[in-house]
Amino acid sequence: MRKLLESDSLIQVNLIASYLQSNGITVKTLNEHQSSIRSVISFNKPIHPELWVHPEQFEAAAKLVGRFQYEQESNYSQSEAEWRCKNCKESNPGNFMSCWACGSHN
């Protein structure tokens, strides 16, 4: 197995692992539970969750991770566009479906 990535976010590692598995990549996650243990055993070095893949799938997995991150950034930037409420004229974040001030729907 070959280490593909390491992150301080177990959620992010699990999301990427699921994405890779749905695209036919075999993955192994290491340090899932150790990341919550404070640095007593690790000599004050943080232990982060790691995602490992078979060496022959490494290149394909790396491309998929790049695509996943691009898609996430694209979705994030699209949802960030603010909108103004037609009812009360309050500004709202793009990911809000209704106005935070008056509850009117976008």
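From the N terminus on, the elements of this chain run β-α-β-β-α-β-β. That comes to 2 helices and 5 strands. Keep in mind that this is a predicted model.

How far does the confidence reach? The mean pLDDT of the chain is 85. Of its residues, 83% reach 70 or more. Confidence is highest in S3, at 96. It is lowest in H2, at a mean of 83.

Now the chain as a whole. It has 106 residues, and 25% of them count as buried. Take the contacts with a separation of 6 or more: 47% of these are between residues 24 or more positions apart.

On to the sheet. In what order do the strands lie? The order is S1-S3-S2, in an open sheet of 3 strands with antiparallel pairing. Strand S1, residues 2-6, and strand S2, residues 27-30, stand at the edges. Each has a single partner strand, so one side of each is left without a neighbour in the sheet. Neighbouring strands are turned by 30 degrees against each other on average, direction ignored.

Look at S2 and S3. Strand S3 covers residues 50-53 and pairs with S2 in the antiparallel sense, over 4 bridges. Here are two partners to find on screen. Lysine 28 has tryptophan 52 of S3 as its bridge partner. Threonine 29 has leucine 51 of S3.

What packs on this sheet? Helix H1, residues 10-22, does, and it touches S1, S2 and S3. The direction of H1 makes about 170 degrees with that of S2.

Stay on S2 and follow the side chains. They alternate. Val27 and Thr29 point to one face and are buried.

Let me zoom in on threonine 29, in strand S2. Why does threonine 29 count as buried? Its relative accessible area is 18%, and the cut-off for buried is under 20%. Which residues does threonine 29 contact, leaving aside neighbours within four places in sequence? They are Val13, Asn14, Ala17, Glu50 and Leu51.

Pick up Val13 from that list. Valine 13 lies in helix H1. It is buried, with a relative accessible area of 0%. Not counting residues up to four places away in sequence, valine 13 touches Leu5, Ser7, Thr29, Pro49, Glu50 and Leu51. Take valine 13 and leucine 51. In sequence they are 38 residues apart. In space, C-alpha to C-alpha, they are 6.7 Å apart.

Next, the aromatic rings. The count comes to 1 aromatic pair. Which residues form it? Tyrosine 19 and phenylalanine 68 do, and the pair is tilted. The rings are 5.0 Å apart, centre to centre, with 50 degrees between the planes. This pair links distant parts of the chain. Tyrosine 19 is in helix H1, and phenylalanine 68 is in helix H2, residues 58-79. They are 49 residues apart. Are these two buried or exposed? Tyrosine 19 is buried, and so is phenylalanine 68.

One more ring before I stop. The charged end of arginine 2 sits over the ring of phenylalanine 58. The distance to the ring centre is 3.6 Å.

Key
Residues are numbered from 1 along each chain as its sequence is written. This is a predicted model: local features need pLDDT of at least 70, side-chain atom pairs count only at pLDDT 80 or more; totals for chains, interfaces and linings use all residues. Side-chain values use heavy atoms; hydrogens and water are left out. Two strands pair if DSSP finds at least two bridges between them. Axes are lines fitted to C-alpha atoms, for helices over the stretch in contact, and angles run from 0 to 180 degrees between N-to-C directions. Contact means heavy atoms within 4.5 Å. Rings of Phe, Tyr and Trp (its six-membered ring) pair if their centres lie within 6.5 Å; planes under 30 degrees apart count as stacked, over 60 as edge-to-face and the rest as tilted. Buried means under 20% relative accessible area, exposed over 50%, partly exposed in between (1.4 Å probe, protein chains only). A charge sits over a ring if NZ of Lys or CZ of Arg is within 6 Å of the ring centre and within 35 degrees of the ring normal. pLDDT is the predictor's confidence in each residue, from 0 to 100.
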